[in-house]
Amino acid sequence: MKWTELSFLTTNEAVEAISNIFHEAGASGVVIEDSTEINKEREDQFGEIYELNPNDFPSKGVVVKAYLPASSFLAETVEEIKLAIANLINFDINLGENIFTTSEVNEEDWATAWKQYYHPVKISERFTIVPTWEEYTPVSTDELIIELDPGMAFGTGTHPTTVMCLQALEKVVKTGDVVVDVGTGSGVLSIAAALLDAKKVHALDLDEVAVKAARENIELNQVQDIVEVFHGNLLDTVKEQADVVVANILAEIIMTFTDDAFSIVKPNGLFITSGIITAKKDDVKAALENSGFTIEEVLMMEDWVAIIARRP
Ligand SMILES: C[S@@+](CC[C@H](N)C(=O)[O-])C[C@H]1O[C@@H](n2cnc3c(N)ncnc32)[C@H](O)[C@@H]1O
């Protein structure tokens, strides 16, 4: 089968928004090639066990790639995508070089292309993410291993927003907690919550591809008795109150459901949000506070922010 690769050279700040636009346009899978990956400090800090090839990355900025089946609607879809990306300027999102290219590829080439960038990586004190196709021997007995094949869903676990959510979950999830994971992607955060001894995890995503990938990864990590995956919009499928709600989506989306999150989080429970670029930090904090949350902690990594908020 022939696919069209859409490639967009932009800034770190715009990656989430553009990935979201690609997903909404029906793209199966988004690949992010970030020039800063080459010199990330946390590689040394956590003793990551791989080296990246500089030739695989842009010299500056970030390339976001997505893949669409070469159908008769392709030209219109590409135009809609370009327009949606151009409109991001209205949200004060810096698009940087703003260079858009398309090319045709074979399925075999792209389905596995991203795997070369993805190796076991220690994400936090306790979590190490291991791609399913790699061998890995735990270094210590309290290390928690998340096996992952993100397939075409967002969530290799290594994006700064995911890393901060994993670090926050590690800090706050207690044995027996009920956790909700809004926009589960590959299921990485739900698996983490289950490994931290949550009693029950409600994972959900709007994207069918993500729901499928999350279910597969949850089985792979043998946490299917704890995590249930739903196809749904934001908190629509959630009926039960939770000790922790985590949402790694976009600032603009988070700000639309802080009231709903407040009623789903139990008193004294926590709402962890990420997918927030630094420029939107204060807007999200204000929305959370308006809904009744108190801000407990703000985590920052590269251009990204995660906020831990408590329902009093
Ligand atoms: C940035 S990814 C996060 C994936 C994963 N939780 C992680 O931390 O790596 C955001 C996810 O939210 C999903 N999403 C976007 N809008 C949504 C909505 N309105 N309701 C549910 N899920 C949504 C996307 O499909 C995507 O899988």
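Student: Let's begin with one residue. Is Thr 175 buried or exposed?
Tutor: Keep in mind that this is a predicted model. Thr 175 has 8 other C-beta atoms within 10 Å. A residue counts as exposed if that number is 12 or fewer, so Thr 175 comes out as exposed.

Student: How far apart are the C-alpha atoms of Thr 175 and Ala 251?
Tutor: Along the chain, Thr 175 and Ala 251 are 76 residues apart.

Student: OK, now strand S8. How many of the residues of S8 are buried?
Tutor: Check both sides of the strand. Val 178, Val 180 and Val 182 point one way, while Val 179 and Asp 181 point the other way, and all are buried. S8 is therefore largely enclosed by the rest of the structure, and the count of buried residues is five of the five.

Student: Which residue in S9 is the bridge partner of Val 179?
Tutor: S8 pairs with strand S9, residues 200–205, in the parallel sense. Five bridges make up that pairing. Within it, the partner of Val 179 is Val 201.

Student: Which helix makes a β-α-β unit with S8 and S9?
Tutor: The unit is built from two strands, S8 and S9, with a helix as its α part. It is right-handed, and the helix spans residues 188–195. That helix is H6.

Student: What is the order of the strands in the open sheet of seven strands?
Tutor: Start from the edges: strand S10 (227–231) and strand S13 (294–301) each pair on one side only. The pairing in this sheet is mixed, and the twist averages 15 degrees from one strand to the next. Reading across, the order is S10-S9-S8-S11-S12-S14-S13.

Student: Which residue in S12 is the bridge partner of Val 244?
Tutor: Strand S11 takes in residues 242–248, and strand S12 takes in residues 265–277. They run parallel and are joined by six bridges. In S12, the partner of Val 244 is Leu 270.

Student: Which helix packs on the sheet and touches S12, S13 and S14?
Tutor: You want the helix made of residues 281–290. Its direction makes about 15 degrees with that of S14. The helix is H10.

Student: What about the inside of the protein? Where does the largest nonpolar core lie?
Tutor: This core has 87 residues, and those with the most contacts inside it include Leu 169, Val 179 and Ala 192. Its largest share, seven residues, comes from H5. Both domain 1 (2–116) and domain 2 (121–310) give residues to the core, so it lies between domain 1 and domain 2.

Student: Which residues is Ala 192 in contact with, leaving aside neighbours within four places in sequence?
Tutor: Ala 192 is one of the residues with the most contacts inside the core. Once those neighbours are set aside, its contacts are Phe 127, Ile 146, Leu 166 and Leu 169.

Student: Which strand does Asn 268 lie in, and what is its phi?
Tutor: Most residues other than glycine have a negative phi. Asn 268 is not a glycine, yet its phi is positive. Asn 268 is also exposed, with 9 other C-beta atoms within 10 Å. It lies in strand S12, and its phi is about 75 degrees.

Student: Last one: is Gln 222 buried or exposed?
Tutor: Gln 222 lies in the loop between helix H7 (208–220) and S10, and it has a positive phi of about 55 degrees. There are 11 C-beta neighbours inside 10 Å, so Gln 222 counts as exposed.

Conventions: Residues numbered from 1 in each chain as written. Predicted model: local features only at pLDDT ≥ 70, side-chain atom pairs only at ≥ 80, totals over all residues. Pairing = 2+ DSSP bridges. Helix = DSSP H or I, 4+ residues; strand = E, 2+ residues; numbered from the N terminus. Axes fitted to C-alpha atoms, helices over the stretch in contact; angles between N-to-C directions. Contact = placed C-beta atoms within 7 Å. Buried ≥ 20, exposed ≤ 12 C-beta atoms within 10 Å, placed from the backbone. Core = buried A, V, L, I, M, F, W, Y, C linked by C-beta atoms within 7 Å. Domains from an automatic or database assignment. Right-handed = clockwise from strand over helix to strand, strands pointing away.
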